[in-house]
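Please find below a note on the model under review.

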2 protein chains.
Amino acid sequence: MAHPPAPAPKPRRGRPRDPERVRRILEAAQRHFNEHGLERASVDAIAADAGVSKMTVYSNFGSKERLFQAVVRDRTAPVVAGVPGAGALDPDQPEKALLAIGARFLALVRGDDALGALRSVYGVAGAQPEVCRAFYEEGPERANGELAAYLRRAHSAGTLKVRNPLQAADLFLSMFLGSGHFRGLLKLELPDSRENRALLREAVRVFMAAYGA
Amino acid sequence: MAHPPAPAPKPRRGRPRDPERVRRILEAAQRHFNEHGLERASVDAIAADAGVSKMTVYSNFGSKERLFQAVVRDRTAPVVAGVPGAGALDPDQPEKALLAIGARFLALVRGDDALGALRSVYGVAGAQPEVCRAFYEEGPERANGELAAYLRRAHSAGTLKVRNPLQAADLFLSMFLGSGHFRGLLKLELPDSRENRALLREAVRVFMAAYGA
DNA sequence: TTGTTACTGGACTATCAAGTACAGTAATTT
DNA sequence: AAATTACTGTACTTGATAGTCCAGTAACAA
């Protein structure tokens, strides 16, 4: 979106880069960064795990930090993409829509992928502001924005009464970031699915009580 | 609470430990761990910052990891202590009480102390389960528990209608862990105080709409 | 075929930090 | 005073790892 799809076809001479190698590096790096964080992950281990020489990592990404940045940017958008799907939801059935959105968001913020990503990005807060900003904008902010768009539509349809859609969206999604999310980030035992369902129902009930038309 | 106040007066021979040095070490370590995390903080720097020899650090704490654990345990309880104060709140004025509790919790989860603590504890998730568990129990779980106790009292007083106090408490406190908290953890710009006040009011309004008697 | 670029694999350097050793000094008990 | 423990300061060992160098090989364009 920010960039035109393919700025230059780049018909250079010599052997072309192997895009599959690049993918393998990104995926291996993602696993290692998720599990150990930026500091403890070793480039040697990542290269070995990707089945690639260390020099290939450096010729493709330049440094460990830039590899980290590439990993974050590479996965943030697709991970969040599955969350809102707010475009397809019916503004006449807000309760149903909120249940769907909440269920997806809850699954996201309990999943190892997002938890690992959060931990590793929190670990570089301050040291790499651009990555943090990009992550925030492509991640939480975007999810909020899409839910807010839905709330606006429902408000126009008269099925909800939402004065400040961004605030309301933030509030709704926040409800899934409580103790269960803490436990996930700390790698403690997670609430079982029964408890998750109860939380989902209650969050929707609370929201409807406050914003129902 | 878990331990009797002073299990042994310990009248040993020789020079006694200097408790002030121990405090200086803990405080310096806290600053460094907050700012850089466990990995990047160096024991030499901590010792220098505390105005203490490195050997003193090791003879008091044994290792960097155990120093880290000591820091976390040392500060978790006091930090959270200021949060609920639910004991002193009037069960007949839940709206007022929730405003007070929410304001304190909001200030907490926006403050550098708690944010740094969260970042560093998230950084050792999995590697140091005991610290994570202790932090969780002394921190979020305890805050939840105290708010839940208040909600129970208000329910008995007939001013609120709360079937599941723990769930409701979790939901209420969660509302302050949304985008603003993300931004804090990522060291991005924080919402201004006007926005914080708006969030506080709205959170209380939403809660009252769902749980008001 | 030739020039050019991508990749391998291993050896190598440089750096940084955890933890130890040790010899001397300070404080405290008996 | 004597024994004992705490602390200092510096130098040291040890281990890990980011990043480089290099010689050789593979794949592609002209």
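The numbered points below take these topics in turn.

1. Basis of the note. The model is predicted: local features need pLDDT of at least 70 and side-chain atom pairs count only at pLDDT 80 or more, while totals for chains, interfaces and linings use all residues. Residues are numbered from 1 along each chain as its sequence is written, and chains are lettered from A and ligands numbered from 1 in the order in which they are written.

2. Protein interface. Contact joins 38 residues of chain B to 38 residues of chain A, two residues being in contact if their C-beta atoms, placed from the backbone, lie within 7 Å. On the side of chain B that touches chain A, at least two residues each come from several helices, among them α1 (19-40), α6 (112-123) and α8 (140-157); helices are DSSP runs (H or I, at least four residues), numbered from the N terminus. The most, eight residues, come from α11(B). By class, this side of chain B has 20 nonpolar, eight polar and 10 charged residues (Ala, Val, Leu, Ile, Met, Phe, Trp, Tyr, Cys and Pro count as nonpolar; Asp, Glu, Lys and Arg as charged; the others, Gly among them, as polar). Since 100% of the interface residues of chain B are also interface residues in chain A, the copies meet through the same surface.

3. Helix α7 of chain A. This helix (residues 129-157) has 29 residues and reaches 40 Å from its first C-alpha to its last, close to the 42 Å expected (1.5 Å times one less than the number of residues). At Arg142(A), α7(A) bends by about 40°, the angle between axes fitted to the seven residues ending there and the seven starting there. Gly158(A), with a positive phi near 80°, follows α7(A).

4. DNA strand C. Around DNA strand C there are 26 residues, the closest being Gly14(A), Arg15(A), Ser53(A), Thr56(A) and Arg15(B); a residue is near a strand if its C-beta atom, placed from the backbone, lies within 6 Å of it. α3(A) gives the most to this surface, with four residues.

5. DNA strand D. Of 27 residues around DNA strand D, Arg15(A), Gly14(B), Arg15(B), Ser53(B) and Thr56(B) come nearest. Here α3(B) gives the most, with five residues, and the surface divides into seven nonpolar, eight polar and 12 charged residues.
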